[in-house]
Protein chains: 2
Amino acid sequence: MSDNNATKPGTSVRVEDGYWTPYQRLVRNTVLPYQWEALHDRIAGAEPSRAIANFRIAAGLQEGRFEGFVFQDTDLYKWLEAASYQLGSAFDPELERQVEEAARLIGAAQQADGYLNTYFTVAEPGKRWTNLADCHELYSAGHFIEAAAARYSCTGKTDLLDIAVKLADHIDFEFGPEPGKLRGYDGHQEIELALVRLYEATGERKYLDLAGFFIDERGQKPDFFHLEWEKRGRTSHWHPGVQKTPPSLHYHQAHLPVREQETAVGHAVRAVYMYAAMADLARLRQDEGLLAACRKLWSSIVHKQMYVTGGIGSTPIGEAFTIDYDLPNDTNYSETCASIGLIFFARRMLLLEVSSEYGDIMELALYNTVSSGMSADGKHYFYVNPMEAWPEASRGNPGKHHIKTERQAWYGCACCPPNAARLLSSLGHYIFTSDNENLYVHLYIGSEAEVQLVGGKAAIKLESGIPWKPEASLTITDLPAGNPFSIALRMPAWSSTLRLEINGQEADPDIRSGYAYLYRRWEQGDVIDIGFAMEPRRIYSHPQLRADVGKVALQRGPMIFCLEEADNEAPLAALSLPSVSEITEVPSEWSTGAVLLQARGERLRAPLEEETSLYRHSPPVVESCKLTFVPYALWGNRRSGEMAVWLRESL
Amino acid sequence: MSDNNATKPGTSVRVEDGYWTPYQRLVRNTVLPYQWEALHDRIAGAEPSRAIANFRIAAGLQEGRFEGFVFQDTDLYKWLEAASYQLGSAFDPELERQVEEAARLIGAAQQADGYLNTYFTVAEPGKRWTNLADCHELYSAGHFIEAAAARYSCTGKTDLLDIAVKLADHIDFEFGPEPGKLRGYDGHQEIELALVRLYEATGERKYLDLAGFFIDERGQKPDFFHLEWEKRGRTSHWHPGVQKTPPSLHYHQAHLPVREQETAVGHAVRAVYMYAAMADLARLRQDEGLLAACRKLWSSIVHKQMYVTGGIGSTPIGEAFTIDYDLPNDTNYSETCASIGLIFFARRMLLLEVSSEYGDIMELALYNTVSSGMSADGKHYFYVNPMEAWPEASRGNPGKHHIKTERQAWYGCACCPPNAARLLSSLGHYIFTSDNENLYVHLYIGSEAEVQLVGGKAAIKLESGIPWKPEASLTITDLPAGNPFSIALRMPAWSSTLRLEINGQEADPDIRSGYAYLYRRWEQGDVIDIGFAMEPRRIYSHPQLRADVGKVALQRGPMIFCLEEADNEAPLAALSLPSVSEITEVPSEWSTGAVLLQARGERLRAPLEEETSLYRHSPPVVESCKLTFVPYALWGNRRSGEMAVWLRESL
C-alpha cells in the first residue's frame with residue numbers, strides 16, 4: 001500500500017480540454033441554471049421537483065405537505081456540490097448568491113439537535129431512524145455532507161460546513177457501537193464516503209471512525225435490516241401493508257461483513273459507493289483487510305460483471321448486479337450513476353495503489369457510459385445505458401420498458417443528471433495524483449495543475465487530443481530548482497504502443513504496473529510528448545460471457561463504438577463484420593471533431609420467395625453492405641432507432 | 001369456407017401409438033390419481049390445492065374459509081374433463097365413482113339460481129359479477145361447462161350436463177345485450193368456447209348466441225373493464241388499495257372489437273382461447289367476418305410471434321405476446337397452456353378450411369412444447385418452456401427466475417398439469433376430421449377410428465412410426481360398399497417428399513393446400529403406405545427475428561432439437577455448428593426409441609494467457625468438438641444444466 005495522497009479537490013486543477021470543456025460549460029451555463037429552476041418547480045411542463053418547497057415547509061417558511069421521493073433533498077445537495085466545484089474554478093456572483101440562499105434555507109430547515117431531513121421533519125416527525133433500509137436518511141445526510149465538504153475545500157466557505165458538522169455530530173450521537181446508540185446503517189450507502197470527506201475537510205478523527213463503524217457494522221449478525229423491519233411491524237416505505245418478506249440482505253450488500261465479501265452483489269450504485277468508502281478507509285487507516293476486500297470486489301466487477309462500456313448492473317430489477325458473466329445486452333440497466341460510482345471507486349483505488357487497470361476503467365466509464373448519459377444540449381439524460389436498443393421492443397415488451405432510445409428531460413427521480421453535473425464539475429480531481437516523489441497522470445484530459453512535490457510546487461500543463469487524436473503533451477510551466485522526481489504516465493490498455501519524447505528526445509521510461517515512469521531532475525520548460533497508438537481495434541469477450549460470444553465490438557482510443565439505425569439499415573442484428581474487413585476512420589459530419597469508423601459488412605436477408613415465413617429450411621442470403629460505427633458516447637443524438645454495440649463477426 | 005364437420009369428440013377414435021400411448025397411460029394411471037389426491041390435499045409435502053375443500057364449504061358440508069386462487073375450482077373441472085375423456089376410451093369403475101362423487105359435490109355447491117363459484121359463494125357472497133376483469137368467474141364456469149360437455153359426449157352421462165345447463169342458463173339470464181343485463185365479458189376467455197361445446201352437446205342455439213355475444217361485445221365502447229373498475233372503486237383483486245391505472249385493454253384483448261383485431265396481443269393463453277371460440281363461431285354461423293379475423297390473428301402468431309417449438313408468449317410480464325419478431329430466447333414464457341390453446345385454435349381452423357399449416361403448427365406445438373411440458377414420470381411439469389436455459393442465471397438474475405431447468409411438482413397455480421392431462425386424454429380428437437366426402441388425416445398418431453362418410457361408416461386403422469420413424473400406414477378395416485371418397489393426408493412441412501402407395505402401388509395424389517388427396521372407391525382391406533423424408537434439417541429464422549439471426553436450429557420430423565449440458569460442455573453459447581457439418585442420427589441410450597443427432601461442432605475458448613480478462617483484443621481460439629442434440633421434448637430429464645435450441649452457425 002503506497003502513501004500516495006490525493007491532490008486536494010479543486011485546489012489546483014483547471015480543466016481546458018477539447019472534449020470535456022464543452023460538457024463542463026454546459027454544466028455551468030445550462031445544467032446548473034436549469035436544475036436550479038427545476039428545484040424551484042419553475043420548469044413549465046416538467047414534473048415538479050418540490051425539493052426547495054420541502055425545505056421551505058420544513059423551515060416553517062411556507063405551509064404544505066412534503067412531496068416527492070423520501071430522498072428528494074439530495075437533488076438540492078448534489079446541485080450544491082456541483083455548484084461548489086464550479087465556484088472553485090471560477091467565481092460567479094449569481095451562482096454564489098444561489099448557493100448562499102440554499103445554505104440559509106437548509107440551515108433554517110435543520111432541527112435544533114442537528115437533524116436534517118425534510119421528509120421526516122414534515123411528513124413523519126416521530127419516525128426518525130425507524131426505516132433505514134428504505135428511507136435513505138443517512139444517504140441524504142451523506143450527500144449534504146459531501147456538498148459541504150466540496151464547498152469548503154473549493155472556496156473555504158464554511159456556511160454549509162457548519163451545518164454539516166452539526167448534522168454529523170448528531171449522527172455520531174445517534175449511531176455507534178456504544179450502548180444506547182443505534183447499531184445500524186443505511187439502505188443506500190453514501191454516508192460512509194461523505195464522512196471520510198468531512199474528516200479530510202475538518203481533520204476530525206471521529207468522522208473517520210464513524211465511517212468505519214458504518215462499514216464494519218454492515219453484514220454483522222443479528223441482521224440490522226431484519227431487526228428494524230420486525231420492530232416497525234414488517235412494513236415497507238415502498239409498498240402498502242404488512243410485507244411477507246424482510247428486506248433483501250444481498251440487495252443491500254449486508255449479507256456478509258464487508259471484509260468477507262468477494263463478489264459484487266445487489267444494487268449497483270450502492271455497492272460502488274460502499275466500495276469507494278472502503279478504499280478510503282483502507283488508505284486512511286492503513287487497513288490491509290479492507291484493501292484485500294476492495295481488490296476482490298474490484299476484480300469481481302471488472303473481470304466478471306462489467307459491460308464493455310464501463311456500465312454495471314445487469315438487471316433493471318433492483319438496478320442490480322446478477323451473477324458472473326451474465327451481461328445481457330438488450331435488458332441491462334447500466335445506470336449512469338453506477339458508472340459514476342465506479343469512477344469514484346477507481347480513483348480511490350489509484351490513491352491506494354497505482355496500477356493502470358484502475359485508470360483504464362475510470363477512463364472507459366467516463367468516456368463511454370457517463371458521456372453517453374448526457375445529451376449535446378445538456379438537458380436530456382439517459383439513466384439506463386443499454387448495449388442494444390430496439391425502439392419498438394422498448395415500447396411493446398414490458399421487460400424492455402427501461403431501455404430508452406431518446407434521452408429524457410429531468411426525471412421524477414433526478415439522480416443521474418445532478419450526479420453527472422457534480423462529476424463533470426470536479427473532473428479535475430481525477431486527472432492527477434501525487435505522492436511527493438511521483439506525479440501520476442491517470443487521464444489525458446487537457447488541464448493546468450499545481451502539484452506539491454519534493455522540493456516545491458510544480459505547475460504543469462497537460463494538452464491532449466484524446467479521445468480523437470493520438471497525442472498529448474505535458475509541459476512543466478513552473479518549477480523551483482529541486483530534487484529529481486518521476487512523472488508517471490498511464491499506458492492505456494487501448495494503445496498497443498506508447499512513444500514518449502522529452503524535449504524532442506526519445507525517452508526510455510521505467511514501466512511499472514502499466515505506468516511509464518520518467519525519473520529526472522525536471523526543469524521549467526521541459527516538455528513530454530506522448531504518442532499513442534489509436535488504430536481501431538476489435539474487442540472480443542470471454543467465451544463465458546454468453547451474450548457476446550461470437551461477436552465483436554470496436555474501440556478506438558478510449559471510445560467504444562456502436563451501430564445506429566441512422567447509418568445502418570435495421571435490423572442491426574442481421575449485420576455482421578467480416579473478420580477480414582479493414583476498418584477505416586472518417587470524420588463525423590454531425591459532431592465536430594468526432595471520428596467515426598466504417599467497414600465492409602454483411603447483411604443477412606430473407607430469401608425473397610418466402611419472405612413471410614418466420615422459419616425456413618433455406619439459409620438466408622448474404623449481401624455485402626457498408627457499416628458505419630459511431631462512438632457510443634454520441635449515440636441517440638440524431639433520431640430514435642436501433643443501436644447495437646456488439647455485432648456478429650463473420651469469416 | 002368448407003362445411004367440414006368435426007368428428008364428434010371421443011366417440012370414434014382410440015389412440016394406440018408408440019409415442020403418445022405411454023403419455024396417455026401416465027395420465028390415466030398416474031396423473032389423474034395423483035391430481036385427485038392433490039385436489040383433496042392428500043399429497044404429503046405439496047402445497048395444498050384446497051379445491052375439494054372449497055366445494056365442500058360452499059356446499060355446506062364443512063366449515064372453513066375459501067383458500068387458494070380465485071379460480072381454484074378449475075383445477076377440479078379440468079381434472080373432470082380429462083377423466084371424462086379417459087372414461088370415454090375405457091371404463092374404469094374407480095374413476096367413474098370419483099367423477100360421480102365430484103358431480104354430486106359440485107351439484108351441492110351450485111346455488112339455487114344456477115350460480116356456481118366457490119370463491120364468491122364462500123368468500124365474497126355479495127360481490128358476484130363485480131370484477132370480471134380479475135376474478136375469472138366466467139372462466140371458471142367455462143371450464144365446468146367444458147367438463148360437462150366432454151362427459152356427456154364421451155359417455156352420455158348427464159349428471160354434469162344438468163348442472164352446466166343450469167349454470168349456462170343463469171349466465172344467459174345475467175349477461176346479454178338486452179336492457180337490465182350486464183354487457184360484460186370475462187378477463188380470461190374460456191366461457192366462449194365452452195358455450196359452443198354446450199351448444200354442440202345440447203343443440204340449444206341460445207348457448208351459441210351467448211358465446212357470440214361475449215365475442216362481439218369485447219372491445220366495444222365504452223370499455224367494460226374500465227366501467228366495472230370505476231364502479232367497484234378502482235380496486236383490483238390482486239393488489240391492495242385503490243389502483244392508479246385501470247385494467248389494460250390490450251392485455252385482455254379488449255382494445256378493439258375482435259373483428260378488427262389483426263395482431264395477437266396480451267396474455268397468450270387468453271388470446272388463443274378466444275381465437276378458438278372465434279373460429280368455432282365462424283364455422284357454426286358461417287361468419288366470414290370472424291373467419292377473416294381468425295386468419296389474420298393466426299398469421300400474426302405463426303408468422304410473427306411464435307417460437308420454433310410452437311411456444312407463444314415472449315414475456316413473463318403478463319405471460320404475454322409482445323411485438324412482431326420479438327422472440328428472446330432466454331427470457332421467454334411460452335407457457336405449456338398457451339401451446340395447448342394454440343392447438344385448440346389450429347384444430348378449429350382445420351374445421352373451417354383444410355390447409356396444412358394448421359396441421360403443421362398443431363403437430364409442432366404438440367410434439368415439442370406440450371410434450372416438453374411433462375416429465376417422463378408424469379408428476380413433474382414445465383409451465384415455462386424456454387429456448388435457452390442457464391441454471392445459475394435463473395437463480396441469480398430476477399428477470400430469469402421464471403426459467404426452470406428442472407420440472408416442478410404440482411404448483412400452487414396448477415393450470416398446466418390438468419390442461420395437459422385433458423389434451424392428452426382427448427388426443428384422438430385432433431387426428432382426423434371428415435366432411436362426408438373427405439377423410440382428413442391431420443396427425444400421424446397411431447389410432448383406430450370410425451368415421452361417417454358418404455354411404456356409410458368406415459373403420460380405419462392408422463399405424464405410425466412418427467416421430468422417430470419416417471413411415472405410417474392407413475388400413476381400411478371396415479367399409480360398407482359405397483361411393484368413392486377422398487382420403488386426404490397432410491404433407492408435413494418437415495418432409496421434403498412424400499411417397500404414397502395404395503396396396504403396394506405408387507399413388508398419384510391430387511395436391512391441394514398441403515394435403516395429398518387420394519380419391520377412389522375404397523374397399524375394406526385397402527392399405528395406404530406413407531413414406532416421409534425424415535433427414536435432419538437445419539432451420540433458419542427470418543432475419544427480422546433478431547434473437548436468432550446468424551443461428552441455426554435442428555429438426556428431424558416434427559421434433560425440434562436442442563443442446564443440453566448433459567452432453568455438451570458449457571457454456572453452450574460458445575458452441576457453433578459449421579454450415580458444412582454432416583448431421584448424423586444416433587439412438588438414445590436413455591430414452592427408448594428416441595433418435596438423437598450428432599455433428600462436428602466448434603467451440604470458442606479464451607486464449608489461455610489472459611483467461612481472467614472479460615474483454616480482450618485477441619480473438620478467441622476455435623477448437624473442434626462433437627455436438628449432441630436431443631429432442632426438445634425430452635430435455636431436462638437427466639440433470640439440471642444449460643440448454644439451447646438455437647446455436648450459432650459457423651462457416
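Guide: One may start with A:W129, which counts as buried because its relative accessibility is 10%, below the 20% limit for that class. Please bear in mind that this is a predicted model.

Visitor: Where is A:W129 placed?
Guide: A:W129 lies in the loop between α5 (118–122) and α6 (132–135) of chain A. Although not a glycine, A:W129 has a positive phi of about 60°.

Visitor: And A:S334, what of its phi?
Guide: The phi of A:S334 is positive, about 45°, and this residue is not a glycine. A:S334 belongs to the loop between α13 (288–305) and α14 of chain A.

Visitor: Is A:S334 buried or exposed?
Guide: A:S334 is buried, as its relative accessible area is 0%.

Visitor: Staying with burial, how many residues of helix α17 of chain A are buried?
Guide: For α17(A), residues 416–425, the count is 10 of 10, and the helix is mostly covered. Among the buried residues are A:C416, A:R422 and A:S425.

Visitor: Which elements do the buried residues of α17(A) pack against?
Guide: They pack against six helices of chain A: α1 (20–39), α3 (73–89), α7 (137–155), α12 (268–284), α14 (336–352) and α15 (356–373).

Visitor: Turning to sheets, what is the strand order in the open sheet of chain A?
Guide: The order is β1-β5-β6-β7-β13-β9-β10, an open sheet of 7 strands with antiparallel pairing.

Visitor: Which strands stand at the edges?
Guide: Those are β1 (13–15) and β10 (505–506) of chain A; each has a single partner strand, so one side of each has no neighbour in the sheet.

Visitor: How many bridges link β6 and β7 of chain A?
Guide: Strand β6 (residues 456–464) and strand β7 (residues 471–478) of chain A pair in the antiparallel sense over 6 bridges. Within this pairing, A:S464 stands opposite A:A472 in β7(A).

Visitor: What about the loop between β6 and β7 of chain B?
Guide: That loop, between β6 (456–464) and β7 (471–478) of chain B, contains B:P467. The peptide bond from B:I466 to B:P467 is cis, with omega near 10°. A cis peptide bond also joins B:A570 and B:P571, where omega is about 0°. B:P571 is in the loop between β16 (559–564) and β17 (575–578) of chain B.

Visitor: Now the interface: how many residues of chain B are in contact with chain A?
Guide: There are 60 residues of chain B in contact with 60 residues of chain A. The area buried between the two chains is about 4,700 Å², with carbon and sulfur atoms giving 66%. In chain B, the most area is lost to chain A by B:L614, B:Y615 and B:H617, together 18% of what that side buries.

Visitor: How many salt bridges are there between chain B and chain A?
Guide: The count is 4 salt bridges. One of them joins B:D326 and A:K400, with the closest N and O atoms 3.2 Å apart. There are also 18 residue pairs in polar contact between chain B and chain A, both residues being at pLDDT 80 or more.

Visitor: Which element gives the largest share of the chain B side?
Guide: Strand β14(B) does, with 5 residues on the side that touches chain A. The residues of that side divide into 30 nonpolar, 16 polar and 14 charged.

Visitor: Which strands pair across the two chains?
Guide: Strand β14 (residues 537–541) of chain A and β20(B) pair in the antiparallel sense over 2 bridges. There, A:S541 stands opposite B:Y615 in β20(B).

Notes:
Residues are numbered from 1 along each chain as its sequence is written. Chains are lettered from A and ligands numbered from 1 in the order in which they are written. This is a predicted model: local features need pLDDT of at least 70, side-chain atom pairs count only at pLDDT 80 or more; totals for chains, interfaces and linings use all residues. Side-chain values use heavy atoms; hydrogens and water are left out. Contact means heavy atoms within 4.5 Å. Buried area is the accessible area (1.4 Å probe) that two parts lose on being put together, summed over both. A salt bridge is a side-chain nitrogen of Lys or Arg within 4 Å of a carboxyl oxygen of Asp or Glu. A polar contact is a pair of N or O atoms within 3.5 Å; within protein, one must be able to donate a hydrogen and the other to accept it, and residues adjacent in sequence count only if both atoms are side-chain atoms. Helices (H or I, at least four residues) and strands (E, at least two) are DSSP runs, numbered from the N terminus. Ala, Val, Leu, Ile, Met, Phe, Trp, Tyr, Cys and Pro count as nonpolar, Asp, Glu, Lys and Arg as charged, and the others, Gly among them, as polar. Two strands pair if DSSP finds at least two bridges between them. Buried means under 20% relative accessible area, exposed over 50%, partly exposed in between (1.4 Å probe, protein chains only).
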